[in-house]
Amino acid sequence: MQYQAVKTLEEAVERLSRAEGEHMPLAGGTDLLAQRRAGRIDPKGVVDLKRVPELAEIVLDDHGYRVGAAVSGAELGEHPTLGQDWPGVVEAAQLIGSTQIQGRASMGGNLCNASPAADSVPALIAAGALCSLVGPSGRRELPVEEIILSPGQTCLAPGELVAHFRLPRPGPRTGDAYLRLIPRTEMDIAVVGAGVALELDADGLCTACRVGLGAVAPTPLRLDEAEAILVGRRVEGPVLDELAAAASAAARPIDDMRATAEYRVRVVGVMAKRAAQIAATRAGG
Amino acid sequence: MSDEKKFRWVGTRPIRPDGVDKVTGRAQYGADFALPDMLWGRVLRSPHAHARILSIETGAAAALEGVHAVMTGQDLPDLFAEKAAAAGGHDDSNNLAHNVMARDKALYHGHAVAAVAATSREIAERALELIDVEYEVLPHVLDIHAALAPGAPLVHPDRVAQGIENSGPSNIAKRLQIGHGDPEEGFAEADEIIEREFSTRPVHQGYIEPHACLAQTTQDGRVTLWSSSQGHFMVRDYTAKLLDIDLSLVRVIPAEIGGGFGGKTTVYLEPIAVSLSRKSGRSVKMVMSREEVFRASGPTLGTRIKIKVGVTREGVLTAGEATLHYEGGAFGGSSVGAGCMTIFAPYAFPHVRSTGYDIMVNKPKGAAYRAPGAPMAAFALETVMDELAQRLEIDPVDFRLRNAAKEGTLASFGPRYRRIGCVETLEAVRDHPHYSAPLGPNQGRGVALGFWFNAGLQSSAGVNLNPDGTVTVLSGNPDIGGSRASLAIMTAEELGIEYEHVDVMVADTHAVGYTDVTGGSRVTFATGMAIIEAVRDVMGQLCQRAAAVWEVDAERVSWHEGEARLDGGFEPAPLGLAELAKNAGKTGGPISARAALTARGVGMGFGAHICDVEVDPETGRIDVIRYTAVQDAGRAIHPSYVEGQMQGGAVQGIGWALNEEYVFDDEGRVQNPGFLDYRIPVASDVPMIDTVIVEVPNPAHPYGVRGVGEVPIVPPIPAVVNAVHAATGIRFCDLPLSPARVLARLDEARSPGSA
Ligand SMILES: Cc1cc2nc3c(=O)[nH]c(=O)nc-3n(C[C@H](O)[C@H](O)[C@H](O)COP(=O)(O)OP(=O)(O)OC[C@H]3O[C@@H](n4cnc5c(N)ncnc54)[C@H](O)[C@@H]3O)c2cc1C
């Protein structure tokens, strides 16, 4: 297998499109190398993206954050303000693997690996993150929830890659959270996951909210019903039960050895409810 | 302990002699050895749970460039068939031989059917794909119910059950029964009787290092093996036996071992590697993948236990009766015997009977796992003990204390107990602050008691005094749990020298006398005894040398605090070890000694654990929030390694209770052959496991040692399950208590229809 580390986006795109899919982007390699070892993929070469500045940095300006797609979990956690502004996103990314994995694993890799159980994806969906994609035909921007098409499949064109995620600078009474259920406490794949981001007004009523669900469908989902349930109401009691019921209703999971579909349907509601409570507390509710 | 002498080293916690090599990565494990002419061996495994092998076509594989040898079961001698036939099909050597490589039938998914040796692992893998095996797929049985059903497919149509008179062929390999008194009479005297049925799933020992070896053979028939195992003499004996080679021609060099827990007390790769090496004339290295470890090495398989216990209103046990079915895998040989022997062992039962069945199923041949057979039995008994205590409204520890086995109690497995620490262990639980600490909502506390025999068996040792006054000790036991440290401590204590001046080496099969496996919690006890005997021999020689220097009778010289003294005094000036060692050449030659023994007087072990859990009522997830393990160690030679054993056993038991299980699909394939989906606990899953070492010395050992390695895996399952009952009011009789199962039971209990 060839290995090439590129320094610019142009070089990366050029290399990836020339080889007609025989070369794969490499960020942390925590999915890619494990899959290669298991014999599930056999790329001719990999293009290491970690040295491309746009993919490796976190920039905060008037428009908000630009988080490089190859930034590792550990670096996300060390950023001075990102974790205060988007605690749910950072927590979700930091749930991935272990200390060792955190030194490598990125949100770009987590998204493009396209697992239904990817932990950072529901949190990014809830946060309303946009992906900036760069490919042979230029740059485009898509919401995170539109990237994954089915397990292992993204909408990226040949040679296209995720350059960065865009997150707004949140307002004063906002909060987000991500929770997952695993039988263990770490080193496990989410049985279900739920991310919630919301905003409250001065009276504690919800003014905006977004909810993302993981591991309950072929792709991470955005729960469209969440706004109708929460907006204009206090994030408590029966409202939370309604949210839980909506999350369960939206779930279309499978039975596998990690859990039954029935269990996933049930518990994704519990995770959504609890994440909403935490997000509301963070928003000052 | 006030009446005992003070020790200088015993009971202290020096760093282990092998520690630096292990933390710096220099220690050599099974897969770390290489030779210049080395080939890689790989195994082709059956894709069916049960199939007749009609033909194996190896020509294409052999023709592949880089392939130097291909073998099938036909290349292995068939030495034990007659013996097996004479014993109703049952012969351990025959089973082992057929497990190493299938002959006419593949008996489980993953069973070895052929192997190749090639210049690289990749070429060997490709060659496997070129081997064409024609199978006739046969119906299979995967669990106890299916195996015992009328008309069930037979794993071995030629086998009749041992221990059942006049029976025809069946999937029962063996039946056994033990006990004393008359349980019917005992139940008639009982005021309360509880009868329950329990089940456990197949679990893995969870050792991190996959099986690995390197084999070298020569034209004159010599074999050298580098291998990671729990006993290199075991590897030598089994390999030689299966291949019909003289023991003196086989030398096995022990690698460091990355965990075993019973799973490395047999051979899988070594006979194949030796055969491939003989065929190719090159050395052959074999390393299992993690997937192979899960599919083809021995787990501890599933069990079903029916148990009935009777008790008087005053809380005195009157009778116990149990029927135990244990899956032994494709060849039988489960640990059901130990299950029967241990199930009622912790208590004084006037009437007791257990009946065991060893069941054959189309799963890998089961292997030992820490206190083999006992944790499942304790799960059954200790859950029922908890329920009885609840019914009688007696504190569960008091209830156990009323019935606890003591010196003189007739053990349920036959003998009368000698000095044991069962009562002292339970008292330490009762008096521990954890036992009375307050609990929060959704939390509960459970306790459980566990027993294990521990083992003696055969050990050899060598002790060499070096001219600079340091000491080299040779042991025949791979060091799994810190035994180099405890053996060095006992040597330094006896000789009265610095711990740092003792180095312990795990010597190969040509360098030290025969030694049984590192298993049965026996090394510090039995090999320790051999070393002490050899050290005392060295001390006698040292006294003789001093006597020669002083020109006095040797009887007048004795050894104190590292020096020879005349009549126990300081005139003439005592002769220290270093001085005597330096001059040994002039006083009679090098000083060294050997000892070899079968260790008698094994100290039986008891442990009792306290577990607090918190159950999430909405998800069914269980968190172990506090845990205390109490155990009678006899004497803790190196307390840190005793505590390490207690903590490790507790964690393995917690994993077994909560999440661990092999998931077999309907075709008998393991669905979770890796540590991602086979969930042993990770560090953050468990709280710090508190430990309390009780010391009721074993009178048969010079320092009072009992084995400590196995007892701690016996109590955790019922301790966890009893804690979950305390938190939820639900008694779980089937493992594991994974979140989905727990939530389903919580829902059932909450549903309006339920009582
Ligand atoms: C021990 C262990 C534990 C794990 N635990 C978790 C967990 O708890 N939760 C979880 O969600 N995941 C987990 N994972 C999976 C993995 O670590 C994550 O998915 C991680 O985020 C992948 O990131 P990476 O940078 O390593 O991706 P890589 O392996 O480098 O890449 C993954 C895939 O995305 C592609 N890719 C990478 N970057 C880009 C890009 N910028 N544009 C386009 N394509 C790209 C690659 O070609 C590859 O196909 C675990 C993995 C391991 C080995």
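## A salt bridge between the domains of chain A

In this predicted model, the side chains of A:Glu91 and A:Arg282 meet in a salt bridge, with 2.5 Å from N to O. Chain A is divided into domain 1, made of residues 2-34 and 56-168, and domain 2, which covers residues 174-283. Across the interface of domain 1 of chain A and domain 2 of chain A, the rule finds 4 salt bridges.

The C-alpha centres of domain 1 of chain A and domain 2 of chain A lie 23 Å apart, and the contact takes 25 residues from domain 1 of chain A and 24 residues from domain 2 of chain A. Between them, these two domains of chain A bury about 1,900 Å², and carbon and sulfur atoms account for 61% of that area. On the side of domain 1 of chain A, the residues A:Pro116, A:Pro122 and A:Ala126 supply 27% of the area buried against domain 2 of chain A, which is more than any other three residues supply.

The size of an interface is often given as the accessible area lost when the parts come together. For chain A and chain B, the buried area is about 1,800 Å², and carbon and sulfur atoms give 50% of it. In chain A, the residues that lose the most area to chain B are A:Pro183, A:Arg184 and A:Met257, which together make up 35% of what that side buries. The contact takes 18 residues from chain A and 23 residues from chain B.

Between chain A and chain B the count is 6 salt bridges, while over all chains the count by this rule comes to 64 salt bridges. Why does the pair of B:Asp616 and A:Arg274 join two chains? B:Asp616 lies in the loop between strand E24 (605-615) and strand E25 (622-632) of chain B, whereas A:Arg274 lies in helix H12 (residues 261-282) of chain A, so the pair joins two chains. The side chains of B:Asp616 and A:Arg274 meet in a salt bridge of 2.7 Å from N to O.

## The domains of chain B

The domain assignment of chain B gives domain 1 (19-26 + 456-598), domain 2 (33-138 + 209-258 + 264-296) and domain 3 (299-454 + 603-750). The C-alpha centres of domain 1 of chain B and domain 3 of chain B lie 38 Å apart, and their contact takes 15 residues from domain 1 of chain B and 15 residues from domain 3 of chain B.

About 1,200 Å² is buried between domain 1 of chain B and domain 3 of chain B, with carbon and sulfur atoms giving 67% of that area. Across this interface of domain 1 and domain 3 of chain B, the rule finds 0 salt bridges.

## Two helices of chain B

Two packed helices are described by the angle between their axes and the distance between the axes. In chain B, the axes of helix H12 (residues 374-392) and helix H21 (residues 716-728) come within 8 Å and cross at roughly 35 degrees, and H12(B) passes H21(B) in a right-handed crossing.

Which residues of the two helices meet? From H12(B), the residues B:Pro375, B:Ala378, B:Phe379, B:Glu382, B:Thr383, B:Asp386 and B:Gln390 meet B:Ile717, B:Pro718, B:Val721, B:Asn722 and B:His725 in H21(B). Sorted by class, the contact of H12(B) with H21(B) has 6 nonpolar, 4 polar and 2 charged residues.

Technical notes
Residues are numbered from 1 along each chain as its sequence is written. Chains are lettered from A and ligands numbered from 1 in the order in which they are written. This is a predicted model: local features need pLDDT of at least 70, side-chain atom pairs count only at pLDDT 80 or more; totals for chains, interfaces and linings use all residues. Side-chain values use heavy atoms; hydrogens and water are left out. Axes are lines fitted to C-alpha atoms, for helices over the stretch in contact, and angles run from 0 to 180 degrees between N-to-C directions. Helices (H or I, at least four residues) and strands (E, at least two) are DSSP runs, numbered from the N terminus. A crossing is left-handed if the near helix is turned anticlockwise from the far one by less than a right angle, and right-handed if clockwise. Contact means heavy atoms within 4.5 Å. Ala, Val, Leu, Ile, Met, Phe, Trp, Tyr, Cys and Pro count as nonpolar, Asp, Glu, Lys and Arg as charged, and the others, Gly among them, as polar. Domain bounds come from an automatic or database domain assignment. Buried area is the accessible area (1.4 Å probe) that two parts lose on being put together, summed over both.
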